[in-house]
Structures are given as C-alpha cells and as structure tokens.
Amino acid sequence: ESSPTTTPSTIPPTVTINSKTYPTDPKWFNISPSVLALTSRKLHLQRDHPVQITRQIIESVFPSPTYRTYNDFDPVVSTHENFDSLGFPPDHPGRAKSDTYYVNSGTLLRTHTSAHEAQLFRASESPGYLISADVYRRDEVDRSHYPVFHQMEGARVWDRTKVPGGDIVAAVKKDLEELPGHDMLVEDPNPPFHEERNPLQSGHHRAEEAEVVGRHLKRSLELMVGEIFRRVKMAGGVDEDGEPLKVRWVEAYFPFTSPSWELEVWYQGEWLEVLGCGVSQQQILIDAGVPEQIGWAFGIGLERIAMLLFRIPDIRLFWSSDERFLGQFRGVSDDLGKLKAFVPFSKHPACYKDVSFWLGKGSEEWHENDLMEVVRDECGDVVEDVKCADKFTHPKTGRRSLCYRINYRSLERTLRNDETNEIHARVQRALVERLGVEIR
Ligand code: FA5
Ligand code: MG
C-alpha cells in the first residue's frame, strides 16, 4: 500500500519548515519542493495582498474583544489535531496520502484551520475567535485550485455556568438581538435538524439551545457575506440594478459539527459555495476541558472570496511577485475605500500538449493527484490546467492507458515553443521516473 508514486525521488532525513526541523518518514513524506517553498509565504499576513485585505474585511465583522484573532499558527500539525480531535473516522478519505501532505505518520501540513479548534477551545481566552492560515491539500490543477490556499475559521461559545441563570437560550437570544439586521434575501428551507444527516446532539443539547445557537451562527455569517458583497459592489463587481443580495443555506456534513450547513451566494448567475459551518460537536469541547460550553464554528476560503472582491481570474496570481499584480492593491490595507477590481494584464497564448502513457506494474493504485504534483514540480506556475483527455484499458492485457492534456500558459510572458517542448519533455521524464509509467 506504500505506493511508490507519491514520493519525490530523494527524501531528506529531516525537513525544516518555518525554522523548525522534523524527522521525515520515507513511507509517509510526500511534500514536494514546490509546496515546501510556499510554507514561508503567509500571504494572509502580507500587507496590501488581496488575501490579507480579504482577511481584514472579514475580521471587521467579528469585533474584538468578543472575537480574538490568531493569524500566525504553524502549518505543521499532528494527525491528532487535524483529524482525530475533530472526530474524523480512521478510514476517512481526507487522511489519504493522495490528498494530504505528510511529514511522517503523525505529522502533516494542516488541511484546514479547524486543526486549531481544540487548542483554542481549551485556551478559552475569549468567547469567540478567528484564525486565518495557509492550508495544504493535494488537488487538481486549474484556475481555481492550488495546493496551498488560505482559510479563516471562526467560532463562538457560551458557557452554561457563566450565563445569567444558566439559561443558554436567553443568553444567545440576547446576543442575537444585539446583532444588526440586514435586507438580503435568505433561502433556508432546511428543518433545524435531520435525524440521520444532521441530528440534534441530544445527549448534550436541548433542541431550543441548538436552534438558537444555529440562528446566531446563521445571522453572523449572513452579516459577514453582506459586508463582503457591500465591498464587492464598491469595487464594481455587482451590477447596480438594485437587486438585493441573495443567499441560501444548504445542509452539509462535517465530522465536527451537527447540524451543519454550507452558505451559498447567488453570483453571476450561479450559486457559489463560500463556507461550511455548524453547531460544534460537544465531544470536542469535552475533550478540550470545557464541557459546560456550547457553540458554533465556521470555515471559509479566503482566495475564493478575494477572487470575487477583486475579480481575480486565476488562483495562481495570488502567488505572483509581479509588480503588475501586487502594485494594484497598494494602500488598500490602510484604506479599504481604495478597493477596486483587478485589471488583468494581457493573456498570453495557451499551448496545449498531450502526454499518453501506460500505467506501470503494481499501479492499480493510480492517484491523479500524483500526476498533478509531478506537473507542478516540473513546471511551477507555467501550467494553467491539466485535464484527463482519454482513458483506455487494453482488452487483452488489461493494461491501462491514460492521456492528459496540459495547458502551458504563463501569467507573465509568452512561452517560446522550444521552451514549452523542453518543459513537456521534462514532465514526461519525471512521470516515468516518479510514477513508473511508460510513455506511449
Ligand atoms: C472545511 O475545510 C471545514 N474545516 C470548514 C468548517 C469549519 C466546517 C468549521 C464546519 C465548522 P471545506 O473543505 O468545505 O470545509 O472548505 C471550506 C471552504 O474552504 C470552502 O467553502 C471553500 O470556500 C474553501 N475551499 C475548499 N477547498 C478549496 C480549494 N481547493 N481552493 C480554494 N478554496 C477552497
Ligand atoms: Mg465543501
């Protein structure tokens, strides 16, 4: 099961990430050099960067001191923090080496900011918190997916032993009434609970308690989305036809919340998922030593919001150090009134090249993400997307053949033909060396 496919050709005995050194395990280590190089970038902390500006806008909706912000947690966490502490079952697919970057069997690059929930519930420094951080997922290659992106996590708790009369419902209701109103259209056809999919945590919560916590959660997040879209409008990204913003709540599933929802926004003719959230699983609070608290949590993708706010067409741009990109956001951190849409620089021509290959022996375990990674390692950001163009199984031998179409297009310059050929040849060599395939 230790597929040879996922590991860079040479594995160093240790790896240093943000000046801490960790022992690697060759059976687990699968962090490619290109991803490792991004662990120090911390775009959410870089002044005038669109990811940082987006964080600032969201933070403005969750006032201090109720919500404390934590923006500099290390990306290296334990499997316990990232998965076990949140109730992920042992066989959850998110744990697979094909989806997650591991340092060794017990250490990985966090896949979400929820990895820090338990530690903050335990610390209990404030009734609410916000975390923003870089997160890492092995994934496909296209204009909206990148192996590193940023999330913001938020949570809010109430303590039964500290609210007046021990009355959680009254306390949350009071906080809910103090939240501002809004005029957006909200579709929420979901019953408060669903017996199988989204049950009340009946051993811990009364229905009225979980319902009012859910209402506080939903209103808080509607206000956040309202603020984001007020800014999108300022930047000229919403037609001025006076239509109010339309959002909807969709039932969702997360191992660490119940009930759970996703919030979607109607934007440019389609529903766009912006965040996941729910009433926190009581077991997390119990394990964190605060069994008397009840609360909610959410997680949102910052690039996805930044792409809306600034009309940024390609997720690779966030990592650009090109002045034509960064220069357009200068001064916005200090004055959000200066926020305006990004003006794309001219698009350079696309160059499509195919690679066809037979899978090697013992490669029943083919993971497309392994190929995506090889392509990123060899080409960096000159690849815009990679798509499977053909699949074929030989009728006699049963051997499998795949064909992928790679779109080479730099954001910064026109690639020369000989240069693209050379990169493509390098990709083919690396696929042979690292994934054991046979080029057709
Ligand atoms: C999570 O990561 C949960 N931790 C969110 C959560 C937190 C739920 C707390 C409940 C309580 P999910 O994988 O759906 O869930 O990601 C959350 C958000 O991150 C998505 O809504 C999306 O905005 C963003 N996101 C997810 N994957 C990507 C990606 N590959 N690229 C960019 N943004 C992404
Ligand atoms: Mg999701």
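I first looked up cysteine 277, which touches Leu217, Leu221, Thr257, Ser260, Trp261, Trp296, Ala297 and Phe298, residues up to four places away in sequence not being counted; contact here asks for C-beta atoms, placed from the backbone, within 7 Å. I note that this is a predicted model, in which local features need pLDDT of at least 70 and side-chain atom pairs count only at pLDDT 80 or more, while totals for chains, interfaces and linings use all residues. Residues are numbered from 1 along each chain as its sequence is written, and chains are lettered from A and ligands numbered from 1 in the order in which they are written.

I then turned to the cores, taking a nonpolar core as a set of buried Ala, Val, Leu, Ile, Met, Phe, Trp, Tyr and Cys residues joined through C-beta atoms within 7 Å. Buried means 20 or more other C-beta atoms within 10 Å of a residue's own, exposed 12 or fewer, and partly exposed in between, with C-beta atoms placed from the backbone. The largest core has 73 residues, and Val213, Leu221, Val225, Cys277, Ile305 and Ala306 have the most contacts inside it. Helix H6 (residues 207–234) gives the most to this core, with 10 residues; helices (H or I, at least four residues) and strands (E, at least two) are DSSP runs numbered from the N terminus.

Next I looked at an open sheet of three strands, whose order is E4-E6-E5 with antiparallel pairing; two strands pair if DSSP finds at least two bridges between them. Strand E4 (76–78) and strand E5 (102–104) each have a single partner strand and stand at the edges, so one side of each has no neighbour in the sheet. E4 pairs with strand E6 (residues 107–109) over three bridges, and valine 77 stands opposite leucine 108 in E6.

Last, I checked the backbone, keeping in mind that most residues other than glycine have a negative phi and most peptide bonds are trans. The bond from serine 64 to proline 65 is cis, with omega near 5 degrees, and proline 65 sits in the loop between helix H2 (50–59) and strand E3 (67–70). Serine 258 and proline 259 are also joined by a cis peptide bond, with omega about -5 degrees, and proline 259 lies in strand E11 (residues 257–267). Asparagine 18 has a positive phi of about 45 degrees although it is not a glycine, and it counts as exposed because it has 11 C-beta neighbours inside 10 Å.

Terms used
Contact = placed C-beta atoms within 7 Å.
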